[in-house]
Amino acid sequence: MITPRTLPATARAAIAAFTAQFGTTPTWLIRAPGRVNLIGEHTDYNDGFVLPLAIDRAVWIALRPRDDARVNVFAVDKAERGTIDLRHFARGGPSWLEYLRGSAWALAESGAALVGWDGAMAGDVPLGAGLSSSAAVELATLRALTTTSQLPWSPATMATLGQRAENRWVGVNCGIMDQMISAAGEADHALLIDCRSLALTSVPLPAGYVVVVMDTGTRRGLVDSAYNERRHQCEAAARHFGVTALRDITEATFGTQADALDPLTRRRARHVITENARTVAAAERLRAGDAAAVGALMDASHQSLRDDFEVSSPALNQIVEIARRQPGCVGARMTGAGFGGCAVALVEAAAASAFTARVDAEYRASTSWTPSLYVTTAQAGASAHGLGGLPAAHP
């Protein structure tokens, strides 16, 4: 059993806020992690492959079950309170609440009978940085509801419901990767996710290397139109090839038929098709412990995202270039949807401290932005922990 002393500061903040807001102590502590994607960008909505890991930044909810169908939640980071009626779903209240309400709606729509809770939510997944703070909120909400309602926890099922909440309730047309890794992450491993079948393959991270998240200090802004445009371009390319999704086109087939596409659509399709191949190859090289080969694939991924898919940014390009110059770095690339946010690097563990210091200093000196860099470890997916002597969460 966990105790408050063993918890990170964010979890302790959720517990303290619960006590202050509700005048009693919580009985459950829920956690759902953010993620960083090593490789496999803009492939998920093309039924392709991705290779993310759950990180040690997470959303935490301290809660106590209610005996009715009402959720009262206090958002520590916003200092705001919201309420959800689990019998009647209607939009309203602060915008952050819609991620919780949409998740509850998706679970209720699946036929589950839901029991409410009082809770306090806190997180340290940076907002808008490409580390999937929204998916962490969705999966934390689903973990909380399955716990209080005594429902079974199926990572793939819950990830699909989290995606449904974001697509249908929040209105963001995301793929399945973010929710799946938050639900099913595995300690010390990345997961190769087949975004068509939802099959998961555990891939160990190489010994002697660490993953460094490099937050550029820039945010994506209003990029929904650019994201949707690229989805439409990928769909148009798939129609050209007569397939359901670009996942079904090999590099060889693309090479013989790509000239019939207009130049822009050709570049978009080339990124997705080659990125799928890189992602599968990266998983194979990780299993072989070949970090240098993985790093080279990451470098090629960034070039493709920058030039063919055109979703990088000056800040992302700058921090990636600086990272690649440092001793011990075998590869670096932007991660997430792009246009701002974070990059990721694979670095020799012995060089990690010097690496983060040098990248921080060089990036600050060459740009007007303030970065945040941290070494992360791969974590388990969403979990529920009893507090005060309660048993473990319902399986």
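Reply: A polar contact is a pair of N or O atoms within 3.5 Å; within protein, one must be able to donate a hydrogen and the other to accept it. Keep in mind that this is a predicted model.

Me: OK. Which backbone nitrogen lies 3.2 Å from a polar atom of the E98 side chain?

Reply: That of G92.

Me: Where is E98 placed?

Reply: E98 sits in helix α2, residues 97-109.

Me: Is E98 buried or exposed?

Reply: Buried, because its relative accessibility is 13% and the cut-off for buried is under 20%.

Me: Leaving aside neighbours within four places in sequence, what is E98 in contact with?

Reply: R91, G92, W169 and V170.

Me: Switching to the largest nonpolar core. Which residues touch the most other members?

Reply: V73, L86, L100, L107, W117 and M121, out of 50 residues in that core. Helix α3 (residues 133-148) gives the most to this core, with seven residues.

Me: What else is there apart from that core?

Reply: Another core, of 38 residues, lies apart from it; Y227, F309, A343 and A351 are among them.

Me: Now the open sheet of four strands. What is the order?

Reply: The order is β9-β10-β8-β11, with antiparallel pairing. β9 (329-334) and β11 (372-376) are the edge strands, each pairing on one side only.

Me: How many bridges join β9 to β10?

Reply: Five, and the two strands run antiparallel. For A332, the bridge partner in β10 is A345.

Definitions and conventions:
Residues numbered from 1 in each chain as written. Predicted model: local features only at pLDDT ≥ 70, side-chain atom pairs only at ≥ 80, totals over all residues. Heavy atoms only, no water. Buried < 20%, exposed > 50% of the residue type's maximum accessible area, 1.4 Å probe, protein only. Contact = heavy atoms within 4.5 Å. Pairing = 2+ DSSP bridges. Core = buried A, V, L, I, M, F, W, Y, C linked by side-chain atoms within 4.5 Å.
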